[in-house]
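Here is a short report on one protein model.

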Amino acid sequence: MFGKRQLWSAEADARVEVFLDESAGQISPNIYGHFTEHIGGVIYDGVWVGADSKIPNEAGIRRELIERMRQIKAPMVRWPGGCFADSYDWKDGIGPNRPTRTNFWEGDHDAQRLHEKGAQVFEPNTFGTDEFMRFCKLIEAEPYVAANLRSLPALSFDQWVEYCNSPAGSTTLAKQRAANGAADPYKVRYWGIGNESWGCGGNFTPEEYASEFRRYTTWIPNYGVDLQLIGSGPNGNDIDWTHRFFEEIFGGPHAYRNKGFKGWSIHHYSFGFHEENGHREQADALNFDKGQWYGILKECDLVESIITDQWSVMGQYDREHRVKLVVDEYGPWYREGTELDPTHIFGQQVTVRDALATALTLDAFNRHADKVSIATCAQLVNNINALFLCHEDKFIVTPNFYVFQMYAAHQGADMLRTEVSAPSLRYSAYGKAETFWGLNGSASRNGKTVTVTLVHPDLDQPKDVQIAIRGGGSASASATVLASDDMHAHNSFAQPKMVATRTLECTVRDETVHLRMPPASVAAIRIQLG
């Protein structure tokens with residue numbers, strides 16, 4: 001029970017208990033990673049502008065992007081895909097003479113409107129391994145490389161590791177790396193073994209992929225680097241894929257023994273499919289009603305059950321749980337039509353709804369810090385659930401950027417068990433009565449500071465929230481909030497600060513934190529322990 005100075009006030013709509021003495025361990029900073037693929041305007045027009053560009057840059061990489069990534073302490077970036085990875089030959093992207101190839105996405109219906117023009121259709125390979133490593137170094141992030149399993153042999157993967165990690169002057173590829181501007185090894189630790197191998201990455205069965213995974217990951221040169229190998233896991237919560245892969249890998253007399261197998265990738269997109277005019281339609285980024293607001297949030301929230309279900313299956317074969325979950329693609333994915341430039345295939349606007357969707361997903365990762373070791377939001381710039389939108393010399397941050405900024409204090413902190421009590425929401429969608437939780441969040445501790453992040457999805461009503469620290473007391477607190485009166489609110493080149501964070505008033509009474517969250521909001525509360 002709480003001490004007498006930590007009683008709940010009668011006016012509270014929601015109550016949050018944070019348990020100082022109950023932690024499942026440290027929240028990996030890599031949960032706050034990002035994803036860049038050679039698709040649309042992500043690389044060209046997004047990350048890369050060229051060394052000769054009038055746009056401010058660092059060796060060709062957009063300077064404002066670098067500065068913003070430093071602000072959120074971006075810990076990791078995944079590259080070069082995505083589906084693009086399994087059509088990519090890394091040797092095309094090094095050295096002075098680089099071939100132009102057909103981009104994987106050339107055949108997608110969203111690319112057809114480009115009429116076979118531009119880097120979004122024909123890959124120039126201007127941005128390759130060395131440029132990506134330079135980007136990671138500039139933002140002080142770990143590189144996470146997705147290797148081509150579908151269309152390159154295992155030897156090519158070995159050689160990519162050699163190019164990146166072999167000691168200076170040691171091999172022909174090390175000397176080639178030096179000639180390309182990097183004598184010292186990159187020491188890349190994180191390697192994805194294919195991508196979506198159930199689909200665009202080869203359309204394998206789980207057993208076929210398990211065989212390829214064994215072949216690609218046996219006797220990789222490591223040069224003293226602790227390689228972290230990440231398997232291509234299921235689409236959403238495909239339990240069968242995980243069961244069959246892990247049975248093939250760990251079952252029988254020839255169980256897989258590679259200690260470098262540390263991650264199992266899962267992807268979870270929220271498409272918001274619904275019936276419209278007699279057709280199955282994907283949700284729109286800007287044109288939606290209240291039911292569709294809650295529907296996307298509810299669909300994103302499924303990530304928590306995916307985490308727990310997949311973890312349970314994996315534990316049947318990997319009882320020590322040496323393999324952790326890697327959620328390296330997630331977020332809302334809407335139909336085309338709201339991109340800020342026609343060349344940004346799969347580009348979409350990002351509203352306050354997407355900020356709440358991203359925040360509730362990050363909270364789920366925090367709550368399962370013992371299970372999730374890496375997550376990378378799809379994608380970083382000009383695509384899907386982006387943090388940034390830019391074109392030529394124009395550059396803006398989306399509401400998602402502010403979420404990552406608000407949540408940055410969780411990185412490397414100790415996760416604390418958090419219990420939230422709030423009435424559920426009731427709403428209507430497509431003529432059906434639905435419910436969704438009324439408040440949720442996560443908490444962590446770093447020294448004498450506790451960070452609590454909360455998502456309040458209710459579009460209509462504010463919420464009076466009280467936070468009590470169980471096992472300690474609150475001496476002082478401050479809070480930041482992201483909210484808007486318009487559920488469609490978003491930033492644009494014309495109005496770049498339509499959605500931004502602001503200070504939220506909060507007080508400490510009887511060692512309990514009191515605050516009033518506006519409708520449709522995300523809050524980050526910093527509490528100093530007494």
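Pro-80 sits in the loop that runs between strand 6 (76–79) and strand 7 (101–102). This is a predicted model. The peptide bond joining Trp-79 and Pro-80 is cis, with omega at about 5°. Gly-82 is found in the loop between strand 6 and strand 7 as well. Its bond from Gly-81 is cis too, and omega there is near 10°. Most peptide bonds are trans, and most residues other than glycine have a negative phi.

Which residue has a positive phi although it is not a glycine? That is Ala-59, with a phi of about 50°. Ala-59 lies in the loop between strand 4 (57–58) and strand 5 (61–62).

## Helix 6 against helix 8

Helix 6 covers residues 239–250, and helix 8 covers residues 303–315. Their axes come within 9 Å and cross at roughly 20°. Angles under 35 degrees count as roughly parallel, so helix 6 is roughly parallel to helix 8. The crossing of the two is right-handed.

Which residues make the contact? Helix 6 brings Ile-239, Thr-242, His-243 and Phe-246. Helix 8 answers with Asp-309, Gln-310, Val-313 and Met-314. By class, the contact of helix 6 with helix 8 holds 4 nonpolar, 3 polar and 1 charged residues.

## Helix 7 against helix 9

Helix 7 (residues 290–300) packs on helix 9 (residues 352–367) at an angle of about 25°. The axes of helix 7 and helix 9 are 9 Å apart. That angle makes helix 7 roughly parallel to helix 9. The crossing here is right-handed.

From helix 7, the contact residues are Gln-292, Trp-293, Ile-296, Leu-297 and Cys-300. They meet Val-352, Arg-353, Leu-356, Ala-357, Leu-360 and Thr-361 in helix 9. The contact of helix 7 with helix 9 divides into 8 nonpolar, 2 polar and 1 charged residues.

## The largest pocket

Rolling a probe the size of a water molecule over the atoms shows where empty space is left. The largest pocket has a volume of about 340 Å³. Its lining consists of 14 residues. Nearest the centre of the pocket lie Met-133, Arg-134, Lys-137, Pro-185 and Tyr-186.

Which element gives the largest share of this lining? Helix 2 (residues 129–139) does, with 6 residues. Sorted by class, the pocket lining has 8 nonpolar, 2 polar and 4 charged residues.

The largest cavity holds about 80 Å³ of space. It is lined by 17 residues. Asn-195, Glu-196, Ser-232, Ser-265 and His-267 lie nearest the centre of this cavity.

Strands feature in the lining of the largest cavity. Strand 10 (190–193), strand 11 (228–235) and strand 12 (261–270) each supply at least two residues. Strand 11 gives the largest share, 5 residues. By class, the lining of the largest cavity has 6 nonpolar, 8 polar and 3 charged residues.

Terms used: Residues are numbered from 1 along each chain as its sequence is written. This is a predicted model: local features need pLDDT of at least 70, side-chain atom pairs count only at pLDDT 80 or more; totals for chains, interfaces and linings use all residues. Side-chain values use heavy atoms; hydrogens and water are left out. Axes are lines fitted to C-alpha atoms, for helices over the stretch in contact, and angles run from 0 to 180 degrees between N-to-C directions. Helices (H or I, at least four residues) and strands (E, at least two) are DSSP runs, numbered from the N terminus. Angles under 35 degrees count as roughly parallel, over 145 as roughly antiparallel, 65 to 115 as roughly perpendicular and the rest as oblique. A crossing is left-handed if the near helix is turned anticlockwise from the far one by less than a right angle, and right-handed if clockwise. Contact means heavy atoms within 4.5 Å. Ala, Val, Leu, Ile, Met, Phe, Trp, Tyr, Cys and Pro count as nonpolar, Asp, Glu, Lys and Arg as charged, and the others, Gly among them, as polar. On a 1 Å grid over the protein atoms alone, a cavity is a set of points where a 1.4 Å probe fits but cannot get out, and a pocket is an open set with protein on both sides within 12 Å along at least five of seven lines; lining residues have an atom within 4 Å of a point. Grid points are joined across faces, edges and corners, and a volume is the space filled by probe spheres set on the points.
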